[in-house]
Amino acid sequence: MDPSSGSVRGRGEASGDSGSPRLASVDPSHAGGSNHEGPPQRTPSLSNMNKSAHRQSFAENLRNVPPSPRHRHPSFTQAAVQELLNHPPSGQRHTNPKFAGKEWVEITVGELVSPDDVKWVDMDSSVEEATMALLKSKTNVVLVRESSSLPAAVATFDYSDLNAYLLVVVGLSKPETHQVELYNDIMLNAREGKNISMRQIQPLCRQEPLVGLPSNGNLAQAIEILGSGIHRILITNSLGNVVGIMSQLLMVDFFWNEGVNFPAVDRLYPIMLRDLGVGTQQVISVNSDAPLAEALILMNNEGLTSVAVVDNGQNVVGNISTKDVRHLTSASSAPLLDGSCMHFISVILNERGVEKGRDTFPVFFVNTYSTLAHTVAKLVATRSHRMWVVESASPSPSAPATPLMGPHGVVSTPQAPMATPTSAVPSGAVPASAMPGAHLSGKLSGVLSLTDVLNIFAKYTGLHPADPSEQRARRRRSSSSSIRPSLDSSRPSLDFRH
């Protein structure tokens with residue numbers, strides 16, 4: 001994707017250089033920004049990218065940087081918010097009559113997926129085309145094939161890969177000696193507005209294992225795979241063609257809505273996280289006053305899809321995921337990289353508010369006294385891949401599942417996304433780290449992911465998923481050596497589980 005354009009617009013303030021490593025051959029002026037504020041600048045849509053004779057560079061597009069997001073007003077009372085936080089709307093389950101009376105292990109994966117959710121690009125497609133397909137994907141992934149005449153998937157493209165690509169384009173990735181030429185070529189082509197193909201960026205991408213199941217495979221097979229840390233499974237028909245994608249979120253969503261039909265799973269929901277022994281592992285976080293670039297680099301280097309944002313007291317005040325890089329796909333949003341993580345979060349919340357007509361605030365935390373039902377309800381409702389575990393406001397199991405908030409509460413709709421008060425938007429006078437994070441959530445102590453939830457379901461129903469830590473370690477190794485000498489030698493083959 002050419003950095004000078006994009007369909008997703010970001011808003012931010014220009015700031016000084018963050019000190020992040022940049023290549024000597026690249027003009028670092030993209031991060032400098034102007035102190036002048038003007039009206040929001042329009043950028044050409046991706047569909048018109050190839051129609052212009054000249055496309056602006058990052059430096060050119062940083063003129064007249066859009067102003068910071070405006071303050072918005074809460075629309076729910078504190079009492080209503082607290083009730084929603086303590087008791088998420090579990091009544092919003094959408095059970096399907098066709099699964100009633102069935103054992104879940106008898107249900108096939110083909111019954112849960114749809115061919116409409118499969119998005120394709122070719123190896124010679126541009127990164128812009130792949131990004132547009134990714135933005136439209138319900139499964140947050142695009143399958144990559146050699147060409148339309150060779151329909152087999154040979155790779156994937158997801159938001160982690162987009163993050164890795166953008167970091168190279170803006171000069172924030174530090175290359176090894178043998179990587180310099182590749183990095184320079186990508187940055188030069190991006191600045192000149194040339195198409196960059198998916199084939200060119202394959203060495204930058206973290207290659208997820210391509211694991212497949214036939215559509216007549218059952219959910220027991222799928223949950224063992226997903227509970228082992230594999231993020232998605234390619235579902236194929238009898239001809240070997242991909243007819244759907246089974247993601248971790250789709251599986252968790254299914255067991256949440258249909259749990260009432262499956263006693264072996266439903267009986268787990270009232271159990272507290274502390275009794276399940278999950279959500280206590282060490283977690284990587286970033287300070288709310290740190291530059292956004294630091295969070296993106298951290299996720300890329302550690303093979304993470306999201307990172308907790310904390311204040312100086314280690315209280316959770318926000319969350320940034322690789323999916324949020326979609327807000328950085330236009331050059332006008334480049335100054336956000338040097339702004340703080342908390343400012344970026346405020347921009348995202350404001351964008352959502354503009355789109356949906358009111359402010360939103362994701363409920364991204366639970367504590368060890370939260371029940372599995374409370375946790376899964378939040379995961380499903382917010383479409384999140386993980387919940388941050390915070391220290392409980394009370395050691396009593398009878399305490400509310402989410403810590404009580406002080407005067408700086410959040411506001412929400414009856415739907416799961418929740419709104420933020422104007423006091424949560426950082427200003428130049430008050431650093432983000434000084435915000436009352438303890439009142440909003442609590443001190444970070446761990447994380448619970450979709451992998452952990454599915455691993456619990458698998459183990460407590462008599463299955464034997466592999467240890468998820470093996471996949472986590474693999475992703476970290478892959479991220480730390482993302483440039484591989486030979487793409488062909490490292491590309492994973494499609495592993496069909498029968």
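Two strands count as paired when DSSP finds at least two bridges between them. By that criterion β8 and β9 pair, since five bridges join them, and their hairpin has five residues between the strands. The structure is a predicted model.

- Strand β8 (residues 306-310) is mostly covered, with five of its five residues buried.
- Both faces of β8 are covered: S306, A308 and V310 are buried on one side, and V307 and V309 are buried on the other.
- Strand β7 (residues 285-287) runs parallel to β8 and is joined to β8 by three bridges. Within this pair, N287 stands opposite V310.
- From β7 the chain passes through helix α11 (residues 292-302) to reach β8, and this β-α-β crossover is right-handed.
- Strand β9 (residues 316-321) runs antiparallel to β8, with five bridges between the two strands.
- Q314, in the hairpin of β8 and β9, takes a positive phi near 65 degrees.

**The sheet of β10, β11 and β14**

- These three strands form an open sheet in the order β10-β11-β14, and the pairing is mixed.
- β10 (365-367) and β14 (444-449) are the edge strands; each has a single partner strand, so one side of each has no neighbour in the sheet.
- From one strand to the next the twist averages 35 degrees.
- β10 and strand β11 (residues 386-390) run parallel and are joined by three bridges.
- Helix α13 (residues 372-382) lies across β10, β11 and β14, and runs at about 135 degrees to β11.

**Nonpolar cores**

- In soluble globular proteins, nonpolar side chains tend to be buried together.
- The largest nonpolar core here has 53 residues; F157, Y165, I201 and I320 touch the most other members.
- Leaving aside residues up to four places away in sequence, I201 touches V127, F157, Y165, I186 and I196.
- A second, separate core has 48 residues, including F99, I225, I456 and A458.

**Salt bridges**

- With a cut-off of 4 Å between side-chain nitrogen and carboxyl oxygen, the count comes to nine salt bridges.
- R145 forms a salt bridge with D122, and their closest N and O atoms are 2.8 Å apart. R145 lies in strand β2 (residues 141-147) and D122 in strand β1 (residues 120-122), so the pair ties together parts that are 23 residues apart in sequence.
- R145 is buried because its relative accessible area is 18%, and the limit for buried is under 20%.
- E111 and K102 meet through their side chains in a salt bridge, at 3.3 Å from N to O. E111 has 27% relative accessibility and counts as partly exposed. K102, at 28%, also counts as partly exposed.
- D324 and R326 make a salt bridge through their side chains at 4.0 Å, N to O. D324 counts as buried because its relative accessibility is 5%.
- A network of salt bridges links D124, E146 and R199.

Note on methods: Residues numbered from 1 in each chain as written. Predicted model: local features only at pLDDT ≥ 70, side-chain atom pairs only at ≥ 80, totals over all residues. Heavy atoms only, no water. Buried < 20%, exposed > 50% of the residue type's maximum accessible area, 1.4 Å probe, protein only. Helix = DSSP H or I, 4+ residues; strand = E, 2+ residues; numbered from the N terminus. Core = buried A, V, L, I, M, F, W, Y, C linked by side-chain atoms within 4.5 Å. Contact = heavy atoms within 4.5 Å. Axes fitted to C-alpha atoms, helices over the stretch in contact; angles between N-to-C directions. Right-handed = clockwise from strand over helix to strand, strands pointing away.
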